[in-house]
Amino acid sequence: IMTEGRMLEEIQYASELGVDIFVLDDGWEETHGEWTPNKQRLPNGLKPLTDAMKQRKIIPGIWLSPMGIDSMAKRYLQHPEWVILDGKGKPIKAQWGHPAFDFVGGFYDLFLADCKKLVDRGIYFFKWDAINTFNSTLAGLDHGSSKYSRQEIKERYDYLLPFYVTRVMKELREYNSNVVVE
């Protein structure tokens with residue numbers, strides 16, 4: 001259903017209704033966790049859609065599930081240390097059964113860079129989904145080391161996560177003052 005042609009039609013309908021923000025929901029991306037346009041659905045990328053929105057004075061928006069990542073995604077395979085594990089060492093299941101990346105660590109910088117690329121493509125509204133539902137117990141990141149118990153590491157992550165989410169929001173606003181994050 002989410003194809004370039006269909007989205008251009010929906011943008012026109014949204015314009016006729018006087019919509020101010022148009023959010024491309026789940027399905028625009030190639031795969032969860034790698035925020036690039038799906039080549040089959042959006043063969044020309046985001047530009048035709050963001051251009052159509054801007055021509056109609058609609059703010060371009062996009063959906064992301066920041067922590068969820070497809071286990072076949074290149075970055076999942078490159079960074080297994082960022083995957084949140086359960087007590088048995090298995091990846092926890094995030095939205096749609098995908099593993100979750102740990103937001104308080106190296107993944108943070110990658111996510112920020114991805115969002116900046118989207119801003120550079122004309123996206124100014126972000127709908128972030130399913131951020132606060134997973135708790136990391138990974139040692140060695142910004143929230144603990146092996147000298148702490150799993151519970152202490154988890155509690156530190158629970159404490160730090162809102163600060164990291166707020167920080168990425170602030171950094172995006174500093175990058176472009178038009179950015180809004182929901």
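Is Arg6 buried, partly exposed or exposed? Arg6 is partly exposed, with a relative accessible area of 34%. Keep in mind that this is a predicted model.

Let's stay with Arg6 for a moment. Glu10 forms a salt bridge with Arg6, and the closest N and O atoms are 3.0 Å apart. Both residues sit in helix α1, which covers residues 4–17. They are 4 residues apart, about one turn of the helix. Glu10 is partly exposed too, at 24% relative accessibility.

How many salt bridges does a search of the whole structure find? It finds 5. Here are two others. Lys154 pairs with Asp158, with 2.7 Å between the closest N and O atoms. These two are 4 residues apart in helix α5, residues 150–175, so about one helical turn separates them. Lys154 is partly exposed at 24% relative accessibility, and Asp158 is partly exposed at 28%.

Next, Arg75 and Asp114. Their side chains meet in a salt bridge, 2.5 Å from N to O. Arg75 lies in helix α3 and Asp114 in helix α4, so this pair ties together parts that are 39 residues apart in sequence. Arg75 and Asp114 are both buried.

Now a charged residue without a partner. Glu29, in strand β2, is buried yet has no salt bridge. Which side chain of opposite charge is nearest to Glu29? That is Arg41, 6.2 Å away. A polar contact of 3.2 Å joins the side chains of Glu29 and His32.

Trp63 brings us to the rings. The count comes to 14 aromatic pairs. In one of them, the rings of Trp63 and Trp96 have centres 5.6 Å apart and planes at 70 degrees, so the pair is edge-to-face. Trp63 is in strand β4 and Trp96 in the loop between α3 and α4, so the pair ties together parts 33 residues apart in sequence. Trp63 is buried, at 1% relative accessibility. Trp96 is exposed, at 51%.

Phe103 and Phe107 are another edge-to-face pair, 6.1 Å centre to centre with 75 degrees between the planes. Both are buried. They belong to a cluster linked by ring pairs, including Tyr108 and Tyr164.

Last, Arg167. Arg167 lies over the face of Tyr108, 4.1 Å from the ring centre. Its charged end also sits over the ring of Tyr164, at 5.1 Å from the centre.

Key
Residues numbered from 1 in each chain as written. Predicted model: local features only at pLDDT ≥ 70, side-chain atom pairs only at ≥ 80, totals over all residues. Heavy atoms only, no water. Buried < 20%, exposed > 50% of the residue type's maximum accessible area, 1.4 Å probe, protein only. Lys, Arg positive; Asp, Glu negative; His and termini not counted. Salt bridge = Lys/Arg side-chain N within 4 Å of Asp/Glu carboxyl O. Polar contact = N/O pair within 3.5 Å; in protein donor to acceptor, adjacent residues only side chain to side chain. Phe/Tyr/Trp six-rings, centres within 6.5 Å; stacked < 30°, edge-to-face > 60°. Lys NZ or Arg CZ within 6 Å of the ring centre and 35° of its normal.
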